[in-house]
Amino acid sequence: MFELKQIKKTYVKEGKTIQALKKTDLTTETGEFVAVQGPSGSGKTTLLLIAGGLLHPDEGQVLVDGKDLYKMKTDTRTGFRSRYIGFVFQQYHLIPYLSVLENIVAPSIVHGRHEHWDRGIELIKQFGLQHRENHVPAELSAGEKQRTALARALFFRPQILLADEITGNLDHQNAQIVIGCLKEHARQGGTVLLVTHDQEVAAQADRMEQLHNATCERNES
Amino acid sequence: MSIWQLVVKEIHRRKLNFISGLISVALSVAVLVGSLTMLKAHDMRTGEIVAQKEKETRQRMAVLEDDYRKIMKYLGFNLLILPRDQKLGDLYTDGFASRTMPEEYATRLSKANIVTIRHLLPSLQQKIKWPEKQRTIVLMGTRGEVASSYRDDQEPILVAVPKGRAVIGYELAASMHLRAGEKFRLLGRTFTIEQCNEERGTNDDITIWIDLQEAQGLLGKPGKINAILALKCLCAGNDIAQIRQQIGAVLPGVQVIEQGTKVLTRAEARKRAAKESAEAVTAEIRNRQRIRREQEAFSAILVPLVFLASGIWIGLIFLSNVRERKSEIGILSAIGVQSRKVLSLFLMKALLMGAVGAVVGYITGTLGGMQWQGIRSLSIGFDAWRFILSLLMAVLLALTGSWIPAFLASRQDPADVLREE
């Protein structure tokens, strides 16, 4: 189970305090694909970063199977993240000088092991990127880039997959492919948390939450 | 995938960034190694110059030594051994000694193994009236050289006057129209002229040389002499005191004076020449040392300045690299790469930059230093310690220059980057 409890986060920008999240709760079960939908600037990315252990909330807890991420030491949390959480972003964040295969296996740096190339090849095939294996990101289409980023996020078979506007730069066809991948991950027992402004994309999730007035509200529609 | 692979691939991708840092490191090392090479080359050149100067001095001294030997051959370093009671004032006034000592002294001296004395010439001199010619002359009785008991046979430098024969001084021969082979009478005895000497401008011009024994008989001083002339002494410089001591030990009743100041002067000249040569070598060494000190002082300013500038430049290069890789660092953190690995990502690059820069800088600096000093051969060779020093300095420079940007990168908050994007 993946839980966000009473999360509160404020930013101070140019002397003004901005309430990004206030007392937000969100719970996802194993094998569930949850989408958080909200307009730009509603705090979706903040929610995702807090959920992924990258941004310390002012208040609240993030529990993964009962373990509070923010009670861990930084290094422990980083290690935990590498094993349990995968990230995918709208801007892909691929390493520009590495090939598709190398980008996919880049997480193996964390453990310094070299026996991960087979897993990389497996993901290449799974995401239909065989013909791009040795290409660098600059030579890929937007869809290929996002599939590469998704493959990298799934490299260690994380329990939780966090996706931030991952269809934002994709055409409908590629968006469907990517969403299909997320569904597949959930179907295989993973937890997916997708944040998006696109209602149509969010509607494809098992459950949709609306980020409104800096809190999550279940969308019953 | 390892950090090293990531470092190498990033370098491959951003070659210019790496090369500009590499040039900076190589330049610093080249200046350092170049300075050290120049100093070493300078020392080697100094050694060569000094050796050459010393060789020239030795050759010059050998020539002087030869000249000195020749001078000694003809002029000798002569000693006059006189009776102890001989007043030197009288000697210098009259030109000869008036007191006597036993002739046996010459024999004793010849047996004494004093190596510095050669060619002993005992003589009996006296100013007399030449009754047959009504002239004042100096009568000199000589027996030629006293044979040395320990030395190999040597050609005598002065042959004795045979009995019944005489050698006539220039003035006497000229004024009385005497010729070799003619006979004349002296103190009632008849002598045949053996030889008439050339003009010498000394008492010798009014001297008649005859056999010592005949002179002793004519002057009523049998077995007596009043001087022993020691010719061609093998004297080291003017160490007359030592010779006096040696002779005094054998002949307590004598005194020893020098003759031949010309020789002394030349010996002094030789010493002066040797001293001047030595001073020239010393001056050259001093000059070379001064140039070395100047080079050292210049290097002591230049090397730290270049290192400082390079350090700043490397810092800027890495700072730019960190900014350029902001997104990469953010995602690496997001996927669980720890901050110390992010730090090592940059420090390993700096390490590689330092190591390669050290090699390039070492070669460039060595060749540059040799070229600067005009050394074309590879005589300076590979210096392991200098190379290790270069490597350490280069790595230290690259690590120091890159440390702050690398640290900033490792401390970068991935949330900031990912949220901004």
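Among contacts in chain B between residues at least 6 apart in sequence, what percentage join residues at least 24 apart? The share is 81%, where contact means heavy atoms within 4.5 Å.

## Basis of the model

This is a predicted model: local features need pLDDT of at least 70, side-chain atom pairs count only at pLDDT 80 or more, and totals for chains, interfaces and linings use all residues. Residues are numbered from 1 along each chain as its sequence is written, chains are lettered from A and ligands numbered from 1 in the order in which they are written, and side-chain values use heavy atoms, with hydrogens and water left out.

## Chain B overall

Chain B has 421 residues, and 46% of them count as buried. Buried means under 20% relative accessible area (1.4 Å probe, protein chains only). Its secondary structure comes to 12 helices and 11 strands. These are DSSP runs, numbered from the N terminus: helices are H or I, at least four residues, and strands are E, at least two.

## Strand β3 and its partners

Strand β3 (residues 120-130) of chain B is mostly covered, with eight of its 11 residues buried. Strands pair if DSSP finds at least two bridges between them. β3(B) runs antiparallel to β4 (residues 135-142) of chain B, joined by eight bridges. It also pairs with β10 (residues 227-230) of chain B, again antiparallel, over four bridges.

## Nonpolar cores

A nonpolar core is a set of buried Ala, Val, Leu, Ile, Met, Phe, Trp, Tyr and Cys residues joined through side-chain atoms within 4.5 Å. The largest holds 113 residues; A:F2, A:L162, A:L182, A:L193, A:L194 and B:F346 touch the most other members. Helix α10 (residues 339-372) of chain B gives the largest share, nine residues. Apart from this core lies another, of 41 residues, including B:Y105 and B:M176.

A pocket is an open set of points on a 1 Å grid over the protein atoms alone where a 1.4 Å probe fits, with protein on both sides within 12 Å along at least five of seven lines; lining residues have an atom within 4 Å of a point. The lining of the second largest pocket has 20 residues, and A:G41, A:G43, A:T45, A:T46 and B:R419 lie nearest its centre. Elements giving two or more residues to this lining are β1 (2-13), β2 (16-28) and α1 (44-51) of chain A, together with α12 (414-420) of chain B.

Terms used: Buried < 20%, exposed > 50% of the residue type's maximum accessible area, 1.4 Å probe, protein only.
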